[in-house]
Amino acid sequence: MACSAAGKIIHPPSINSARSAQKPHSSHKIISPSAFLGFTSQPDKLFPVSRTISSTGRRSATVMAVSSDVVKEKKLKNAPSSAPNLLITKEEGLELYEDMILGRAFEDMCAQMYYRGKMFGFVHLYNGQEAVSTGFIKLLKKEDCVVSTYRDHVHALSKGVSARAVMSELFGKTTGCCRGQGGSMHMFSKEHNMLGGFAFIGEGIPVATGAAFTSKYKREVLKEDCDEVTLAFFGDGTCNNGQFFECLNMATLWKLPIVFVVENNLWAIGMSHLRSTSDPQIWKKGPAFGMPGVHVDGMDVLKVREVAKEAIGRARRGEGPTLVECETYRFRGHSLADPDELRDPAEKAHYATRDPITALKKYMTENNLASESELKGIEKKIDEVVEDAVEFGDKSPVPARSQLLENVFADPRGFGIGPDGKYRCEDPKFTEGTAQV
Amino acid sequence: MLGILRQRVACKGNPAPLSLEQGIRVIASKAFSSSAKEMTVREALNSALDEEMSADPKVFIMGEEVGEYQGAYKISKGLLDKYGPERVIDTPITEAGFAGIGVGAAYYGLRPVIEFMTFNFSMQAIDHIINSAAKSNYMSAGQMSVPIVFRGPNGAAAGVGAQHSQCYAAWYGSCPGLKVLAPYSAEDARGLLKAAIRDPDPVVFLENELLYGSSFPVSAEVLDSSFCLPIGKAKIEREGKDVTITCFSRMVDYSLQAAEILAKEGIKAEVINLRSIRPLDRSTINASVRKTNRLVTVEEGYPQHGVGAEICASVLEDSFEYLDAPVERICGADVPMPYAANLERMAVPQVDDIVRAVKRACYRSSSLAATA
């Protein structure tokens, strides 16, 4: 079960020490009750099934992801007869499948375009992690916000930014979502509430916390009917950064509607998570600050979706933040310029067998939610979408020279906006009085 | 003070600037008319925050000690009681965290005023000021404007040592996407802070701790709640014809005192209060240099790559033929601020440094050694 030769660690004594040889990041893991299920500092129950699970959870030697327990519970509870209760309907399943295929096909096309010289600079691909993006973002409304890192193409696509806009942005054309001024690492979309796209790791976390703060402010001070939730996506390396802890503290302190989603793909460029982190179990950092911390198998979109539903629901109801650690893996290197020499091929092979797309396909076909041909049809459709995006990007014009100096300021002449909402410099009266020089 | 009074009176009704003698007569004659109200810079900032918060419910203040402590320097006094803890927010000691939270709130539609206890602490949050606030409107091609104000005391105080005394005007002034303001008087403080809060772009508002208690006369227009000063325009505090002195924040006071001393010796100095470090009011500065033909820049910050260096470059580029003498730069000493009182006095420009520099620029002194 333990897959990688990347090194074994000694568990800290608080965890069952009987399993000292096992790497913490295998596909099955137990959550000690204090972390999430029986989270005692919250009066409300987070998962209705917590009582039944915790008795087995406390001492068992095998480890299971939280949501898989939930899944089983749900199946037991709701299965009246022999018909298995499924986690998703056919429409939901097809939507998830399409989104993941879009993410995968798009990123593969990015790699091709990069090696042909149409894309340049830093490009960080998301292959292998699609379950996290699809599992979380497909549960959001349009007004909810997503804040991401430099590995943001698929987050933007899942949130609704069109493939054409993202592809032209990567080509540096003026029809891109940021008119070519942002690039791969800075995907912003006001319409879809995709708040970026940040190159510095950890930078997006306070910004996401601020967006969550705004939701709460709108509700409490401006008295608007606002239950918008923010998702902050970031990686395992970020969890050692000061800003992460600062925001865990403030989010719990002020009970902000935010979900901190850790995409733990075990590697920060060439630095293994185990080499850089004193306690590699990131979900434990949540309870240290007073919020629930959950670990979930990030290669399985259905499990991610179940956990996401709970976490987002919590935030929407005003119960505060959640820290979700998704164990996932990136099939490609850190960026397209990364030779990716430090990762063990055996580890890569192991995770390749857990490809989230193959897993969902298997689930859907085995449970007769969709036929092979329907899924193939989706794949074909997505191929066309991506090719169309490339064509659109190719045909789009590069930015005009005058665009260089545009958009530095929202109010370029620097005189401020007057009470009537117009630029002050255009008001003929404004230079009278003491403003006279 | 006299210079300021005179300028204010001159501006009120007469478009043409008065000479010093005329001005004094005007003051004397107006001594019995409506007395100008006096306001400290602290009161000016407090009233500006109060008015902007009551006008727009999206404005909120966040920072260390802004609420229950009434503000580390009492700038936000009374605001917690008036607006409540949801709008005047005491934070833990997490500059990077709360500056970032402010930026995120600004992205999403609110208008935060983030206070740094001093701008030295903004270095912990500088990633958010520059990377997520200043650059966002550009990176997102206009989609994410960031109507945020970062304010706090800047520059040297009295005896606070090296890590609490740096002037950040030059650092922030070099970043595209930021507007950087440095008020001097109560009128500047009120007008510029209101303009900054209403502005849709990130503004770095550099106050000065030693000016907080200084009192200035303010006209009725300044007290009006819709009073705003334009961002990007400097103010000529004192008219002159022999030399131009540019300065901002506390150095305006010193420059005006120096101008008084020089006037007695027959040198009429024109003192320009920059008010806005970015965008720099190059046209006013150049117009003045073209009139006087000599320039002395005064600032508190370090000399290398400072505000004075930028002004010199600007003047050389635009008004080279008009210069009759090399430009003189007066800056803080090129050392971290010492603690001992006499050393600290030497590390910050004083009035006689400015007087000496002006005399050098006017060839009235033989020594050309460039001492700070």
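A: Here is a walk through the helix pairs, with the domains and a few backbone details around them.

Keep in mind from the start that this is a predicted model. Two packed helices are described by the angle between their axes and the distance between the axes.

Let's begin in chain B. Its domain assignment gives domain 1 (39-223) and domain 2 (235-362). The centres of these two domains, taken over C-alpha atoms, are 26 Å apart. They do touch: 31 residues of domain 1 of chain B are in contact with 25 residues of domain 2 of chain B. There is also a UniProt annotation, from an unreviewed entry, reading "domain: Transketolase-like pyrimidine-binding", and it covers residues 39-214 of chain B. That span is 36% helix and 16% strand, and its end C-alpha atoms lie 8 Å apart.

Now for the helix pair in chain B. Helix α3 (residues 41-55) of chain B packs against helix α9 (residues 186-198) of chain B, with the axes 8 Å apart and an angle of about 25°. Angles under 35 degrees count as roughly parallel, so α3(B) is roughly parallel to α9(B). The crossing of α3(B) past α9(B) is right-handed. If you want to find the contact on screen, α3(B) brings B:Val41, B:Ala44, B:Leu45, B:Ser47, B:Ala48, B:Leu49, B:Glu51 and B:Glu52, while α9(B) brings B:Ala186, B:Ala189, B:Arg190, B:Leu193, B:Lys194, B:Ile197 and B:Arg198. By class, that contact has nine nonpolar, one polar and five charged residues.

Over to chain A. Here the domain assignment gives domain 1 (82-401) and domain 2 (411-437), and their centres, over C-alpha atoms, are separated by 43 Å. An unreviewed UniProt entry puts the annotation "domain: Dehydrogenase E1 component" on residues 99-399 of chain A. This span is 46% helix and 12% strand, with 30 Å between its end C-alpha atoms.

One pair to look at in chain A is helix α4 (residues 130-137) with helix α11 (residues 301-316): their axes are 8 Å apart, at an angle of about 40°. That angle makes α4(A) oblique to α11(A), and α4(A) passes α11(A) in a right-handed crossing. On the α4(A) side you'll find A:Ala131, A:Val132, A:Thr134, A:Gly135 and A:Phe136, and they face A:Val301, A:Val304, A:Arg305, A:Ala308 and A:Ile312 of α11(A) in the contact. Sorted by class, the residues of this contact are seven nonpolar, two polar and one charged.

Another chain A pair is helix α13 (residues 356-366) and helix α14 (residues 372-395), whose axes come within 10 Å and cross at roughly 145°. A:Lys361, A:Met364 and A:Thr365 of α13(A) meet A:Glu372, A:Leu375, A:Lys376 and A:Glu379 of α14(A). That contact of α13(A) with α14(A) comes to two nonpolar, one polar and four charged residues.

Last, some backbone details. Most residues other than glycine have a negative phi, and most peptide bonds are trans. A:Leu266, not a glycine, has a positive phi of about 70°, and it lies in the loop between β5 (258-264) and β6 (267-268) of chain A. A:Gly196 and A:Gly197 are joined by a cis peptide bond, with omega about 25°; A:Gly197 is in the loop between β3 (194-195) and α7 (204-220) of chain A. Chain B has a cis peptide bond joining B:Arg278 and B:Pro279, with omega about 0°, and B:Pro279 lies in the loop between β12 (276-278) and α12 (282-292) of chain B.

Note on methods:
Residues are numbered from 1 along each chain as its sequence is written. Chains are lettered from A and ligands numbered from 1 in the order in which they are written. This is a predicted model: local features need pLDDT of at least 70, side-chain atom pairs count only at pLDDT 80 or more; totals for chains, interfaces and linings use all residues. Side-chain values use heavy atoms; hydrogens and water are left out. Axes are lines fitted to C-alpha atoms, for helices over the stretch in contact, and angles run from 0 to 180 degrees between N-to-C directions. Helices (H or I, at least four residues) and strands (E, at least two) are DSSP runs, numbered from the N terminus. Angles under 35 degrees count as roughly parallel, over 145 as roughly antiparallel, 65 to 115 as roughly perpendicular and the rest as oblique. A crossing is left-handed if the near helix is turned anticlockwise from the far one by less than a right angle, and right-handed if clockwise. Contact means heavy atoms within 4.5 Å. Ala, Val, Leu, Ile, Met, Phe, Trp, Tyr, Cys and Pro count as nonpolar, Asp, Glu, Lys and Arg as charged, and the others, Gly among them, as polar. Domain bounds come from an automatic or database domain assignment. UniProt positions are given in the numbering used here, feature names are shortened, and annotations may be inferred rather than shown by experiment.
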